[in-house]
Structure formats: C-alpha cells, structure tokens
Amino acid sequence: MKLSKEEQLALVGTTDYKTSPKYGWLVAVGTFIGQFVLIVALQNCYIALDPIAEDFGVSPADLGLWVSLMGVTYGLFGVFWGSLCDRIGIRWVLTAAAVLTGAVMIAIGAFVFDMVVGCVMMALLGIMLAGCDDGVLPKVGTTWFHPSKRGIAFPIFCVGGSLGGVVCGFIAGPIITSMGWRADFYILGIMCVVLGVVEFLLIRNSPASIGTVPVGSPEGTPIAPLENAKKTAEKKATSRNLLIAVLKTPATYKFGIVMIVWYFWFSCYNAYLVSSAVQVGFSLNEGSFSTSILLITCTIGQFVWAPMTDKFGRKPIFILVLVLEGLSSFLLFFLFQMMANSGEPNVAILYVGAAIMGLFVPTAPIMQNSLGEQFKPSMRGTGAGAAATISCIGRFFGPILAAAVIVAFGFDYGYLLFTGASVIAAAVFVALLVKNTGGKCGDPMAEIEAKELGLSVGEILAEA
C-alpha cells in the first residue's frame with residue numbers, strides 16, 4: 001500500500017508501523033518467484049538443446065553460440081536493470097523482467113525456424129533474464145532485510161531457482177517427448193508471464209514506502225523518513241552520475257573479476273549435463289531427471305551454507321563452497337569416465353554424482369549478498385549491475401571454452417574439468433579481492449553512507 005505524503009510525514013521517526021515489519025517475507029516470496037522464472041527459462045533452454053539441435057540437423061555443441069549470446073546479453077544488461085532498480089524501484093523491475101522473459105519464451109516457440117532467428121531470440125531472452133538476477137537481487141536483500149537476516153533471505157530468493165530447475169527437469173523432458181520442443185516453450189512461457197503478475201502483487205519497493213522497517217531490525221527501530229530520500233537524491237543526482245560513481249569504485253572491478261571467472265563455471269556447469277548423460281548411454285528423461293536431483297540437493301545446500309555467513313562472514317564461506325564445487329565437478333567427470341569406459345551406465349551412480357555436485361552448487365545467495373554489501377545502499381542496484389555487466393566476459397567465453405574442451409577430449413563430459421578448474425580459480429580471486437562483510441563485520445558500507453548523510457543505518461537501509 002502506497003502512503004500519501006501526509007501519512008509519510010506523520011510516520012517520520014516513529015515506531016508506529018503502518019505495515020508489519022515482517023512484510024519483507026512476502027517480498028522474499030515474490031523474489032523467490034522471480035528466481036523460479038529465471039531458472040525455468042535457463043534450464044528449459046539447456047534441456048531442449050538436444051531436441052532443437054536434432055530438429056535443425058546440427059550438434060548440441062553447434063548451438064553453443066546460442067547459449068553464449070544469451071549469456072553475453074544476460075551480463076551486458078545487468079547494469080541497465082540495476083540502474084533502473086535504483087531509479088524506479090525493485091517492484092516494476094522484477095515484474096517487467098519476469099513477464100518479458102515469458103513473452104520471449106513464447107516467441108522462441110513461435111518464430112525460431114533457423115539459426116539466425118534463434119540467435120536473436122536467445123539474445124533477447126538473455127536481456128530479460130538479467131532483470132531477474134544479479135543486478136537486482138542484492139538491492140532487494142539489502143533493502144528489505146537487516147544484515148543479521150540476509151543469510152536466510154538470500155537462500156529463500158535463490159531456492160526459487162532451485163525449485164524452478166526441479167520443476168522444469170520433471171516436466172520439460174516429457175513435454176518435449178510427447179508434444180515437441182515448441183509446445184514446451186509455449187507452456188513454460190505462459191507460466192512465466194502469470195508468475196510475473198503474481199510478483200507484482202507481492203513486491204514493494206522499500207520498507208519505508210509502506211511505513212515499516214527491514215526484517216530483523218532491532219526493536220524500536222524508527223520508520224525511515226522518506227523525506228530524507230532528498231538527501232540521498234542529492235548524492236545520486238542522475239543515473240549518469242550514479243553510474244560514474246560506481247565506475248570509480250574499486251569494488252566494481254574487483255568483484256567483476258570474481259564474477260568473470262565464476263561465470264566460466266556457472267554458464268556451463270549444467271549446460272552439458274543432459275547431453276553428457278545421453279552420450280554415456282542414459283535416456284533423455286534420465287539425463288533430465290539428473291538435473292532435478294542436482295537442484296534438489298542445491299536447495300538443501302543453500303540453507304546450509306548461506307546462513308553460516310551471518311555468523312562467520314560472507315567471504316570465508318564463499319571461498320569454502322567454491323573449492324568444494326570444483327572438487328565435486330572433478331568427481332562427476334571421473335564417474336562419467338568410469339561408466340563410459342565400462343560401457344555400463346548406472347543410473348544410481350549418475351544420480352549420486354549429480355546430488356553431490358548439487359550440494360556444493362549454491363554459491364549464488366552468498367555471492368549476491370556479498371556483492372550488494374560491497375557498495376553504499378544508494379548505489380547497490382547500479383553497482384551490482386555494473387559488476388554483472390563485467391561478468392559478461394565469463395558468460396560469453398565460458399560456453400565457448402567449454403565447447404573447445406569438449407572438442408579436445410572428444411566427449412561432452414570433458415566440460416566438467418573446465419568448470420572445476422574455473423570455480424577453484426574463482427575461490428582464489430575471492431580470497432584476494434573481496435571485502436569481508438556479514439558476521440562481526442556487519443554492513444560497513446551502509447554505516448559509511450549513514451554517517452555521510454547524518455542518518456541512522458536503519459533509515460538508510462529502509463529507504464535505499
């Protein structure tokens with residue numbers, strides 16, 4: 001509910017909350033839905049890769065350009081959506097991104113009949129997906145949740161992606177098998193549009209805009225006076241000036257390097273899993289289900305690792321999980337190699353290997369939480385978006401490099417060696433470049449901006 005100016009002024013500095021401080025959990029549900037849409041769209045493209053390639057008379061590796069184009073626009077437009085988020089708020093950005101994602105999926109099913117149109121549509125899909133992810137989530141989590149609750153909030157956001165992958169893994173294969181890949185894009189696209197509308201009904205721009213405070217705020221925290229947004233606006237000035245400030249911030253490039261290498265892994269870790277399983281001798285449905293197994297254990301892992309960052313800090317847990325991700329990728333490679341050499345594919349081994357890797361996949365909530373906290377609250381959307389844009393280097397070259405490794409080894413599961421090495425390298429860069437936040441460190445950049453503007457940290461977070 002949007003408050004009038006008179007109501008806003010009446011609430012300044014009071015603890016008479018117009019809306020429950022727990023409203024942030026509804027925002028978390030809305031953001032969960034956005035992540036569901038994001039991963040349904042991504043996962044569906046990966047699962048449909050083989051059927052589309054067969055329809056077009058090419059190999060799945062030949063469609064690597066499609067995946068790369070989607071990845072590069074996904075990254076390039078992070079700064080667009082992030083800046084938009086700082087200017088007009090998270091509600092409209094998340095809603096528009098989800099609805100337009102669904103619309104492009106429907107268009108893929110309707111209009112993609114050759115490689116060129118496919119390239120254009122996948123590039124458009126990447127643009128829309130960018131509005132559901134790294135340029136926006138750090139802003140949502142750090143605005144609606146006190147630092148002591150972010151380790152729980154971000155996994156809730158991201159588990160929507162895990163559930164989206166599980167659902168997609170269960171239904172995409174059977175739909176494609178019985179009705180074709182075009183029908184699959186129609187059905188899932190319509191679902192994404194509907195979910196985008198639900199997001200709009202749940203999400204609000206900030207706690208201050210509805211007369212409340214972030215979830216987990218200490219008892220007695222006053223409602224942030226929206227009139228103080230004028231002070232923040234003086235620092236923001238224009239979108240251009242805000243972007244210039246972000247580009248002058250070293251954290252933009254330091255975290256950008258981390259994200260480049262991390263996206264070498266992320267853009268590929270699941271892209272060739274189904275085709276690798278099929279190559280070893282498993283059916284499409286078995287390969288598709290292995291991705292569901294991976295994402296089920298990923299869901300478990302999200303609620304193991306991210307909450308630990310509230311106690312031990314974001315950085316050390318980030319490094320630990322990255323290293324474990326790399327080791328589990330190597331393990332799955334050797335399991336595939338063993339089954340390929342024996343000529344006896346064992347579905348239990350496939351599912352166990354996918355489950356182990358999935359348990360150590362969930363670095364996204366840790367990374368997004370840490371990413372937002374590297375910047376002052378007034379620039380967190382733009383800052384996160386700029387780092388995400390830098391990451392397009394990893395998003396684009398990741399699939400290309402993985403395809404080169406596949407060609408060099410002669411089998412699809414060779415990509416796991418590349419992803420394992422990439423994610424361990426990312427751990428090294430986190431250790432060298434990322435500022436620790438969370439735990440005893442709290443939210444130091446919010447404290448700095450609050451001091452600059454003569455406000456409390458609670459006020460800064462609530463109106464960001």
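Reader: Leaving aside its neighbours within four places in sequence, which residues is I108 in contact with?

Author: Please keep in mind that this is a predicted model. In it, I108 is in contact with M121, M122, L125, W181, R182 and F185, once neighbours within four places in sequence are set aside.

Reader: Which residues touch the most other members of the largest nonpolar core?

Author: The general idea is that in soluble globular proteins, nonpolar side chains tend to be buried together. Here the largest nonpolar core has 132 residues, and I108, L125 and F336 touch the most other members. Helix α2 gives the most to this core, with 12 residues.

Reader: How much confidence does the chain carry on average, in terms of pLDDT?

Author: The average pLDDT of the chain is 86, and 91% of the residues score at least 70. Over residues 5-12, however, the pLDDT is below 50, and this stretch has 11 contacts in the model beyond near neighbours in sequence. Residues 229-237 also stay under 50, and for them the model has 16 contacts beyond four places in sequence. Where pLDDT is low, the predicted coordinates should not be read in detail.

Reader: At what angle do helices α2 and α9 pack?

Author: A pair of helices may be described by an angle, a distance and a handedness. Helix α2 covers residues 24-47 and helix α9 covers residues 150-179; they pack at about 35 degrees, with their axes 6 Å apart. The crossing in which α2 passes α9 is right-handed. In this contact, the residues comprise 17 nonpolar, 10 polar and no charged.

Reader: Is Q43 buried or exposed?

Author: A residue counts as buried if its relative accessible area is under 20%. Q43 has a value of 4%, and it is therefore buried. Its place is in helix α2. Not counting residues up to four places away in sequence, Q43 touches G165, C168, N270, T291 and L295.

Reader: Why is helix α3 described as largely enclosed by the rest of the structure?

Author: Helix α3, residues 49-56, is largely enclosed because 6 of its 8 residues are buried. These buried residues are L49, D50, P51, I52, A53 and F56. Just after α3, G57 takes a positive phi of about 75 degrees.

Reader: How many residues of helix α19 are buried?

Author: In α19, 9 of its 9 residues are buried, and the helix is mostly covered. Among them are A364, P365, Q368 and G372. S370 has its place in this helix, which spans residues 364-372. With a relative accessibility of 1%, S370 counts as buried. Beyond residues up to four places away in sequence, S370 touches F255, R314, V434, K435 and T437.

Reader: Which residues of helix α17 meet α19?

Author: A meeting of two helices can be read from the residues on each side. From α17, R314, I317, F318 and V321 meet I366, M367, N369 and S370 in α19. The residues of this contact divide into 5 nonpolar, 2 polar and 1 charged. Helix α17 spans residues 314-342, and its axis comes within 10 Å of that of α19, the two crossing at roughly 145 degrees. This crossing is left-handed.

Reader: What separation do the C-alpha atoms of G358 and I293 have?

Author: G358 and I293 are 65 residues apart along the chain, and their C-alpha atoms are separated by 7.6 Å. G358 lies in helix α18, residues 347-359, and is buried, with a relative accessible area of 0%. Not counting residues up to four places away in sequence, G358 touches L294, T297 and C298.

Reader: Where is A426 found?

Author: A426 is found in helix α22, which covers residues 415-433. With a relative accessible area of 0%, A426 is buried. Its C-alpha atom is separated by 8.6 Å from that of V323, 103 residues apart along the chain. A426 touches V258, V261, W262 and L322, not counting residues up to four places away in sequence.

Key. Residues numbered from 1 in each chain as written. Predicted model: local features only at pLDDT ≥ 70, side-chain atom pairs only at ≥ 80, totals over all residues. Heavy atoms only, no water. Axes fitted to C-alpha atoms, helices over the stretch in contact; angles between N-to-C directions. Helix = DSSP H or I, 4+ residues; strand = E, 2+ residues; numbered from the N terminus. Left-handed = near helix turned anticlockwise from the far one by under 90°. Nonpolar A, V, L, I, M, F, W, Y, C, P; charged D, E, K, R; others polar. Buried < 20%, exposed > 50% of the residue type's maximum accessible area, 1.4 Å probe, protein only. Contact = heavy atoms within 4.5 Å. pLDDT = per-residue confidence, 0-100. Core = buried A, V, L, I, M, F, W, Y, C linked by side-chain atoms within 4.5 Å.
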